[in-house]
Structures are given as C-alpha cells and as structure tokens.
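Biologist: Hey, I'm new to this one. Could you walk me through a bit of it?

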Amino acid sequence: PQFPELPPVSDFRATPGLGVTGVVEDRAVVVGSPSYLEREWALPLPEALSSAATAATSLGRTAVAVAWDGQIRGLFVVADAVKPGARQAVAGLRSLGLEPMLLTGDHAAVARAVAAEVGIAESSVIAEVMPEGKAEAVRALQARGRVVAMVGDGVNDAAALATADLGLSMGSGTDAAIEAADLTLVRTAPDGSGVDLTAAVDAIRLARRTLATIKGNLFWAFAYNLAAIPLAAAGLLNPLIAGAAMAASSLFVVSNS
C-alpha cells in the first residue's frame, strides 16, 4: 500500500515511559498516556474517550492519547503481543529455582493480563514504574538479599539492566539496552519471529554448569597440593607417586572441562 508522506516534526522531545511532544505544521502535538497529558499538560480525556480508555484497560490493552491545539483529539489502543516461547521461557526459569517477575511501566491491569498469559503470578507483578523506578525495584530486591537477573530490550530497561546482578538484552533491542547488559541474546526463535526467549534459560543453565566445572577443577587442583606438599616435605611421599598424582590431577581437570 502507498502511504502519504508524513510532515516533518520539529522540537521533538521524549519523556521516557510517559510520552512525546513535537511541533507538526506549526501545531504543538502531545502523544502519551492519558495520565501524562492530564498531569503535565492539564488535558483531561473527554468523557467518550475516557470510557474507551477504561474499556481498553479492562481488556489488558494500553490507551495512548493524542492532542494538539490544546485539546485531546483521539485515542490509540495498543496491545502487547506476547512473544512465542514466552510462557515456555517463564516455565524454564521456574524449573531452575528462579522466581520470574514482570517489571513494566504499563498500567497494572495490562501487566496482570500479560502476566497471566505467560504464567507469572500476580503477586510477582510490579507495574506503572518509570525507567528509574525499574532500577529502584531491582535495588530493592537486592537489598532483600536477592540475586537479580534482568531481561529487557528497550531504552526504558537500560538502567535496570545495568543495576541487576546479571543483565540480559535482546539482540533486536535498542543500543542503550545492549550496551547496559552483561549478555546479549541473539538466537532466533524457530518461527523466525525474533529472539528466542528460551535462550535466557539456556544462558543461565550454561553459566551454572560452567561455574560448577570451575569449582570442581579448583577443588582437585588445590586438594592435590594441600595433601601432597606436606607429605612430600615430611619425606612420606615417593616422587614417582607424586608425579603420577600430579598427572592424574591435570588429566581430571582437562577431562572435566
């Protein structure tokens, strides 16, 4: 289809997690959440649009208001499409003994609907938080002794990704998120719909196995020395046996790796 050419936008400004403003054809335009337009711009939703926004929220959708010339003119209703494999990824994280949580700036009703769809408990949903609030939520969990892994892909996730003990970014995400994360997931989903979310589960599982291997290798390397050096110093260990033990220790470390 042929789309008409869009007019240029000047003085564009974005307020993370809330909305954007700009000048289009000499008109000041504001696009964002209804609460943002009412609180920051004194633009309450007309009654008809308010009813539509409430209905959209009750269905787990997000309402976005559009205003220009000092009046709200319309309402967009958008919905998050849950990625294929999301529910499987959540189940995989739970099988590793982890507690999956949903941290989002969306309305609480929308967050609860998405959480129910992917298998996250309602008590593990933190909604309506700004980008800095996401980082604060991560720090609050850490203060309670939790080790936190954060998965995100947007600019709004960057601060939380950097704050978490482990930040996992999607390869298809924004540059800010990729830069802030510790790991970037690039494996494509089987249906080609984007990054395979189960890659996060595999990454954590692989990290745990790698750490277990490192600990095992260090144990055998140090155990040999701790046991053999005192015996050798006391003259109780035959050099041939010591050499064989050293070779066996090295062989175990190599094979274990």
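This is a predicted model: local features need pLDDT of at least 70, side-chain atom pairs count only at pLDDT 80 or more; totals for chains, interfaces and linings use all residues.

Biologist: Which residues of H2 are buried, then?

Modeller: Ala53, Ala56 and Thr57. Looking down the axis of H2, those buried residues fall within an arc of 95°, so they line one face of the helix.

Biologist: Why would residues a few places apart point the same way?

Modeller: An α-helix has 3.6 residues a turn, so residues three or four places apart end up pointing the same way.

Biologist: And what's exposed on the other side of H2?

Modeller: Over there, Glu47, Ala48, Thr54 and Ser58 are exposed.

Biologist: How far apart are the end C-alpha atoms of H2?

Modeller: They are 17 Å apart. H2 has twelve residues, 47-58, and at 1.5 Å a residue it should span 16 Å, so the two agree.

Biologist: What comes just after H2?

Modeller: Gly60, which takes a positive phi of about 80°.

Biologist: Switching topic: where does Val129 lie?

Modeller: In the loop between strand S7 (125-126) and helix H5 (131-143).

Biologist: Is Val129 buried or exposed?

Modeller: Buried: its relative accessibility is 16%, and the cut-off for buried is under 20%.

Biologist: What does Val129 touch?

Modeller: Leaving out residues up to four places away in sequence, Val129 touches Leu103, Thr104, Gly105 and Lys134.

Biologist: And how far is Val129 from Gly17?

Modeller: In sequence they are 112 residues apart, but in space it's 8.1 Å, C-alpha to C-alpha.

Conventions
Residues are numbered from 1 along each chain as its sequence is written. Side-chain values use heavy atoms; hydrogens and water are left out. Helices (H or I, at least four residues) and strands (E, at least two) are DSSP runs, numbered from the N terminus. The expected span of a helix is 1.5 Å times one less than its number of residues. Buried means under 20% relative accessible area, exposed over 50%, partly exposed in between (1.4 Å probe, protein chains only). The arc is that of the directions from the helix axis to the C-beta atoms. Contact means heavy atoms within 4.5 Å.
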